[in-house]
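Hi everyone, thanks for making the time. I'd like to walk you through one structure today, so let me put it up on the screen.

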Amino acid sequence: MSKFSIKTMPSASTLYGSALAFIFAFALFLRTYFPYNDVFGGGWVKFRWYDSWYHIRLVENLVHHFPSRIQFDPYTAYPHGQDVFFAPFPDFLLGFFTWLFGAGSPSPGMIETLGAYFPAIVGALVTIPVFFLGKELFNKKVGLIAAA
C-alpha cells in the first residue's frame, strides 16, 4: 500500500456545470413547489387563465389526432367559429411529449398534468441558454450570474 494519495480537484467546467445544474434545479423548485396546492388542489388541475384552458384543449385535440392539428375551431367566435391563429410550436412541443409519455394514448389527467408542468420546465430551462450567452459575451462567472 502506498502512503501517497493523489488528491484531485474538480475541474472548473465541473464546478460551473454543477452550479448551473443547481440554478436550474432551484428555478424549477421555485416554479413548481410553491404553486403546487393552487394548481393541483381538489383532485383536478386548475389552470388560471382562459388561454391555458384553450391551449390544453388544442393539445388534447392534437394528441388524439397526432400529428394533425386543427386549423379551424368551431367553439371560438360562436356561432360561426374561426381559424386557429396561434403559433403552433408550443402546442406541438407539449403535444409531442404528452403523446410520447402517454405511449400514444395519454389520459386527460396526464395531458393536464404535463400541461401544468410544461411552463415551469421551459422557464427553468431558460437558465441554460442564458448561461451560455453570458459566457460567450463576457465570461463564465457572468454567465452564472445571468442564469441565477
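Let's begin with contacts along the chain. If we take the contacts in the protein chain with a separation of 6 or more, 55% of them come from residues 24 or more positions apart. Please keep in mind that what you see is a predicted model.

How many helices and strands are there in the protein chain? We have seven helices and two strands, and along the sequence they come in the order α-α-α-β-β-α-α-α-α. The radius of gyration of the protein chain is 21 Å, well over the 15 Å that the globule rule gives for 148 residues, so the chain is more spread out than a compact globule. Taken along the principal axes, the C-alpha atoms fill a box of roughly 80 × 40 × 30 Å. As for burial, 28% of the 148 residues are buried.

Now, let's look at helix α5, residues 108-125. At 1.5 Å a residue, its 18 residues should span 26 Å, and the end C-alpha atoms are 25 Å apart, which agrees. Where in α5 does a kink lie? Look at Phe118: the kink there is about 30°, and it comes shortly before the proline Pro119. Phe118 is also one of the buried residues of α5, along with Ile111, Glu112, Gly115, Ala120, Gly123 and Ala124. And what covers them? The cover includes α1 (12-32), α3 (50-64), α4 (89-101) and α6 (127-137).

On to the charged pairs. Side chains of opposite charge can pair when their charged atoms come close. Searching the whole structure turns up three salt bridges, and I'll take them one by one.

Our opening pair is Asp38 with Arg48, where the closest N and O atoms are 3.3 Å apart. Asp38 sits in helix α2 (residues 36-40) and Arg48 in the loop between α2 and α3, so this pair ties together parts that are 10 residues apart in sequence. Asp38 counts as partly exposed because its relative accessibility is 42%, while Arg48, with a relative accessible area of 59%, is exposed.

Next comes Arg57 with Asp73, with 2.3 Å between the closest N and O atoms. Here Arg57 belongs to helix α3 and Asp73 to strand β1 (residues 72-73), so the pair ties together parts that are 16 residues apart in sequence. Is Asp73 buried or exposed? Asp73 is buried, with a relative accessible area of 1%, whereas Arg57 is partly exposed at 28% relative accessibility.

That leaves Asp91 and Arg69, whose closest N and O atoms are 3.5 Å apart.

Which residue joins the side chain of Asp91 in a polar contact of 3.0 Å? The partner is His55, through its side chain. Leaving aside neighbours within four places in sequence, Asp91 is in contact with His55, Leu58, Val59, Leu62 and Arg69.

How values were computed. Residues numbered from 1 in each chain as written. Predicted model: local features only at pLDDT ≥ 70, side-chain atom pairs only at ≥ 80, totals over all residues. Heavy atoms only, no water. Helix = DSSP H or I, 4+ residues; strand = E, 2+ residues; numbered from the N terminus. Expected span 1.5 Å × (residues − 1). Bend = angle between axes of the 7 residues up to and from the residue. Buried < 20%, exposed > 50% of the residue type's maximum accessible area, 1.4 Å probe, protein only. Contact = heavy atoms within 4.5 Å. Salt bridge = Lys/Arg side-chain N within 4 Å of Asp/Glu carboxyl O. Polar contact = N/O pair within 3.5 Å; in protein donor to acceptor, adjacent residues only side chain to side chain. Rg over C-alpha atoms; globule rule 2.2 N^0.38 Å.
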